[in-house]
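Biologist: I'd like to learn how to read a few features of this model. Could you walk me through them?

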Amino acid sequence: PAAARYKCAPMDPNTVNTNTLLVFAFVYLGMILGGIPGWALDRTGVALLGAILLLAGECIDPQTAWEAIDVSTIGLLFGLMVVSAQFRLCGLYSAITRRLAAAEVSPDRLLLLLIVVVAVLSAVLANDIVCLAVAPLLVEGCLRRGLKPTPFLLALACASNIGSAATLIGNPQNMLIGQKLQLNFAGYLLDGVAPAILGCLATWWIIRWRVRGDWHTAPRQISAAGRPFNRWQTTKGLIVLSCLLAGFLFSPWPRDVLALAAAGWLLLSRKMHSNTMLGLVDWQLLVLFGGLFIVNRAMLDSGMTAQALHSLNNAGLRLERPEWLFIVTTILSNIVSNVPAVMLVLPAATHPQAGAVLALSSTLAGNLFIVGSIANIIVVEQAARLGVKISWREHARVGVPVTLATLLLAAGWLLLRAHV
C-alpha cells in the first residue's frame with residue numbers, strides 16, 4: 001500500500017527491517033537519555049521524529065501508522081486531563097494544600113495527612129497535575145511554619161506515584177494498560193488499593209525515620225502563586241468526577257467515552273474559558289504516546305518484537321510469567337521511563353495477572369530516582385524555583401527504600417491474590 005501511494009518500487013524487506021531497528025534504537029536511546037545530546041529534543045520530540053522517519057522511510061504506511069495509535073487511550077488521557085484542569089483552575093488544590101500546611105498538628109502527623117491526601121487525589125486525578133499544583137504551596141506553607149520543606153516534598157512525590165497505582169486512571173501508564181488489556185475498573189481496585197495503602201504507610205515510616213526528629217528550620221515568608229478558591233466550580237467538578245467514577249465502576253460504557261463526555265460537560269462553562277482549560281492539557285504527553293504507538297507497531301509488524309521475546313524465553317526470561325514480567329518492567333521503567341517500558345512489554349502481557357503486575361511495578365518503580373517519573377521531576381523543579389534544592393542523593397535516600405518496600409509489598413499482595 002505504501003509503494004502504491006508513493007508510486008515507487010517496494011523496498012527490500014531486509015532494508016525495511018534494518019531501518020526500523022535503527023529508528024527503534026534511536027527512539028529508545030532518546031527515552032533512556034531524556035533526549036538527544038547536542039540537540040534540543042526531549043523524549044516527546046524523539047518519539048515524534050522516530051515516527052516521521054518510519055513514515056518517510058516507508059517502514060510503515062500512513063494507514064497502519066494511523067491505526068497504530070490507540071484512540072481509546074488517547075481519548076481517556078485527554079478527558080481526564082480536562083477534568084484535572086477543572087480542579088486546578090477552581091483552586092481546589094490550592095485550598096487543600098494551604099489548609100493542610102496550616103493544620104495545628106505535629107510535623108509527623110502533618111506528613112501522614114499530606115501522604116494520605118495526595119495519594120487519594122492522585123488515584124482519581126492525574127498525579128502530575130497534583131504535584132504541579134501542590135508543590136509550590138507546600139514549600140510556602142512549610143517555610144512559614146518553620147518546617148524543612150524537603151521531607152514533605154519527597155512525601156508528595158512518592159505519595160503521588162503510590163496513590164496513582166491504586167486505580168486505572170491515576171497515571172498515563174495505568175490508563176494505557178487498562179485500555180489495551182481491557183481490564184475491569186472495579187476488578188483492578190482489588191489489586192491496586194491494598195498495595196497503595198500499605199505503600200503510603202511505609203513511605204510515612206521511612207521518611208519519618210530518615211528525618212529523625214529534625215523537622216525545623218528558621219521561618220521564612222515567601223509567596224507562591226495559587227488559584228483563588230471557587231466554590232461553585234469546585235462543586236461542579238466534584239459532581240462530574242463522582243458521576244465519572246460511578247460510570248467507571250457500574251456502567252458498561254467505555255471509559256474513554258465517559259471521560260470525553262465529562263470533559264465536554266466541563267468545557268461548557270460561562271466562567272472558565274476553554275482556551276485556559278485546554279492550555280493545561282499535557283499535549284506533549286499525548287504526542288509522546290502517538291509517536292511510541294507508531295514506533296512499536298513498526299517493530300511488531302517487522303517480526304522483530306516476536307524474535308526478541310523468543311530470545312528472552314530461550315534465555316530463561318519468560319515474560320508471560322508474572323514474576324519475570326514484574327522484575328523486567330521494574331528495571332525497564334528506570335531505564336527508559338515507565339510509559340515506554342510498558343509499551344515495550346505489553347506484547348508479552350498474556351497472564352491473567354499481567355495488567356496488575358505491569359501497573360504496579362511500572363508505577364512504584366518510578367520512585368527510585370528523580371528521573372524515574374514525571375511527578376518526581378515536577379516536584380524537584382517547582383521546589384527549585386522557590387529556592388529549595390533537592391539533590392539526587394537526597395531523593396535517593398528516601399526513594400530507594402520507598403521503592404524497595406512498596407515493590408515488595410505489591411509483589412506479596414499479588415502473590416497472595418494469585419493463591420486466593
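**Reading helices and contacts**

Modeller: Let's start with F326, which sits in helix α17 (residues 322-333). Helices here are DSSP runs of H or I with at least four residues, numbered from the N terminus. Keep in mind that this is a predicted model, where local features need pLDDT of at least 70, side-chain atom pairs count only at pLDDT 80 or more, and totals for chains, interfaces and linings use all residues. Residues are numbered from 1 along each chain as its sequence is written, and side-chain values use heavy atoms, with hydrogens and water left out.

Biologist: Is F326 buried or exposed?

Modeller: Buried means under 20% relative accessible area, exposed over 50%, and partly exposed in between (1.4 Å probe, protein chains only). F326 has a relative accessible area of 11%, so it counts as buried.

Biologist: And which residues is F326 in contact with, beyond its neighbours within four places in sequence?

Modeller: Contact means heavy atoms within 4.5 Å. For F326 the list is V357, S361, L407, A410, A411 and L414. L414 also turns up for D191 of helix α11 (residues 185-211). Leaving aside neighbours within four places, D191 is in contact with A356, L360, W413, L414 and R417. D191 is buried too, with a relative accessible area of 13%.

Biologist: How do I check the length of helix α2?

Modeller: The expected span is 1.5 Å times one less than the number of residues. For the 21 residues of α2 (residues 13-33) that gives 30 Å, and the end C-alpha atoms are 30 Å apart, which agrees.

Biologist: Which residues of α2 are buried?

Modeller: The general idea first: an α-helix has 3.6 residues a turn, so residues three or four places apart point the same way. In α2, the buried ones are V16, T20, V23, F24, V27, Y28, G30 and M31. Down the axis of α2 they fall within an arc of 145 degrees (taken from the directions from the helix axis to the C-beta atoms), so they line one face of the helix. On the other side, N14 and L22 are exposed. The cover over the buried residues of α2 includes α3 (43-56), α15 (283-302), α16 (304-314) and α18 (338-345).

Biologist: How do I read the packing of α6 and α7?

Modeller: Two packed helices are described by the angle between their axes and the distance between the axes. Helix α6 (residues 92-101) and helix α7 (residues 107-124) pack at about 165 degrees, with axes 10 Å apart. That makes α6 roughly antiparallel to α7 (angles over 145 degrees).

Methods:
Helices (H or I, at least four residues) and strands (E, at least two) are DSSP runs, numbered from the N terminus. Axes are lines fitted to C-alpha atoms, for helices over the stretch in contact, and angles run from 0 to 180 degrees between N-to-C directions. Angles under 35 degrees count as roughly parallel, over 145 as roughly antiparallel, 65 to 115 as roughly perpendicular and the rest as oblique.
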